[in-house]
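Hi,

Here is the structure I promised to pass on.

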Amino acid sequence: MRIEVKVPQLPESVTEATLVNWHKKPGEPVKRDENLIDVETDKVVLELPAPNDGVLIEITREDGATVTSNDVIGVIDTDAKGAQSAAAKAPAQTPVQPAPTPHALHTAPEPAKAAEAATAMPAARKMMADKGVDATTVTGTGRGGRITKEDVAAVEAKVAPAAPAAKPAAPSTQPPAPSAKPSAPPVSLPAALGSRPEQRVPMSRLRQRVAERLVQSQSTAAILTTFNEVNMQPIIELRNKYKERFEKEHGVKLGFMGFFVKAAVHALKKFPALNASIDGSDIVYHGYFDIGIAVGSPRGLVVPIVRDADQMSIADIEKQIGDFGKRATEGKLTVEELTGGTYTISNGGVFGSMLSTPIINPPQSAILGVHATKERAVVENGQIVIRPMNYLAQSYDHRIIDGREAVLSLVAIKEALEDPARLLLDL
């Protein structure tokens, strides 16, 4: 029986998706629930499992194709699995062939070359044909050893004339782990001096969506940013005192983000406008605190949501953020985890950022930017002392948030971090 492979029903907020990477080729056997292809939306990468055992006899939509819900992208023949199994055993029963003639010796590599070319991605096959690159000389670094455009470019760069001072990097021969999700195409340009190379790669759906939302935010909101600095010494001392007991008790390391989330919730309770959003000509004040945590991933920036953060302990928050970071790297975050949010925290400090003006994540009205903690000279009681200082930046939508609320809310965050007891006493 022939069974159609269809794109699953996409989430309500997603209208179309892109086929990223087929894991099977026509003629290969498949097992029920085995991942056939990765489907990328503007939020997450979905796995499309095989609906039944059989043989993939046809692929109707290739890698890179734009699809919508229920589009047919391939066909599986459930009755062909027996024939496929018999075909797999056939080589062992084939009688010994006579010694090849000189002409046969000369042409023997051709089938191997064709087989090698068959494992190449469509764009890579075209590139090899255009550049005259022999497929047998290319080592595939894609999933399952498939040849990518970057692999072909690396081989081409090796044979191209280059200055002695620079050599193109050799492609890795290790394929990514099976659980790894596809990321944005890596930029691989020859390092030859005097050359002017360029590489054109398509933007991922996630990157397109991020770009769209950032432009939307800047073109529709009246964004203003206020700054302050916080002495992290009390948090650092508290962390150093309890981090070993904390990890032993809760099974997670005590970081700083838990404190920032708690301090932000503390301030949002005092100044509800920062936890609000605009809907047409209305202001919607949210009676819950769903905090978005900006996380970098191989596919780009994602913002998973810590829901009801006001009801969570610091240990629960740290566990949630740690889980988000791991699954963002693996591409396993769900659409639901990336949807919503009333306030966002972006920690550029993990990359060494000293100061920035974060852009609001619409339809939210404010975002907190956290930066690197560095020892600096500050004045306390008329004396110059060294303290671990962190610059905080809060961007806000001036349409519904006045400067007074923005400044005082950031001061509330600063005071909560410099005196953590405030978080316990709700002061």
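Below is what turned up, going from the whole chain down to single side chains.

First, the ground rules. This is a predicted model, so local features need pLDDT of at least 70 and side-chain atom pairs count only at pLDDT 80 or more, while totals for chains, interfaces and linings use all residues. Residues are numbered from 1 along each chain as its sequence is written, and side-chain values use heavy atoms, with hydrogens and water left out.

**Overall**

The protein has 11 helices and 19 strands; these are DSSP runs numbered from the N terminus, with helices being H or I of at least four residues and strands E of at least two. Of its 427 residues, 39% count as buried, where buried is under 20% relative accessible area, exposed is over 50% and partly exposed is in between (1.4 Å probe, protein chains only). Among contacts with a separation of 6 or more, 63% are between residues 24 or more positions apart, a contact being heavy atoms within 4.5 Å.

Take a look at helix 8 (residues 257-270) and helix 9 (residues 314-330): their axes come within 8 Å and cross at roughly 115 degrees. The axes are lines fitted to C-alpha atoms, for helices over the stretch in contact, and angles run from 0 to 180 degrees between N-to-C directions. On the helix 8 side, Met257, Gly258, Phe259, Val261 and Lys262 do the touching, and they meet Ile314, Ile317, Glu318 and Ile321 of helix 9.

**Salt bridges**

With a side-chain nitrogen of Lys or Arg within 4 Å of a carboxyl oxygen of Asp or Glu as the rule, the count comes to 14 salt bridges. One of them pairs Asp290 with Arg307, the closest N and O atoms being 3.5 Å apart. Asp290 sits in the loop between strand 11 (282-285) and strand 12 (291-293), and Arg307 in the loop between strand 15 (305-306) and helix 9, so this pair ties together parts that are 17 residues apart in sequence. Asp290 is buried at 8% relative accessibility, whereas Arg307 is partly exposed at 34%.

Glu380 and Arg387 also meet in a salt bridge, at 3.1 Å from N to O. Glu380 is partly exposed at 29% relative accessibility, and Arg387 is partly exposed at 23%. Then there is Arg422 with Glu415, at 3.7 Å from N to O. Salt bridges that share partners also join Asp323, Arg327 and Glu337 into one network.

**A nonpolar patch**

Which residues make the nonpolar surface patch of about 270 Å²? They are Phe227, Met354 and Leu355. Patches are made of residues with over 30% relative accessible area and no salt bridge, like charges being joined within 9 Å and nonpolar side chains (Val, Leu, Ile, Met, Phe, Trp, Tyr) within 5 Å. Phe227 lies in strand 9 (residues 223-231) and is partly exposed, with a relative accessible area of 41%.

Cheers

Conventions
Accessible areas come from the Shrake-Rupley method with a 1.4 Å probe; for residues, only the protein chains shown count as cover.
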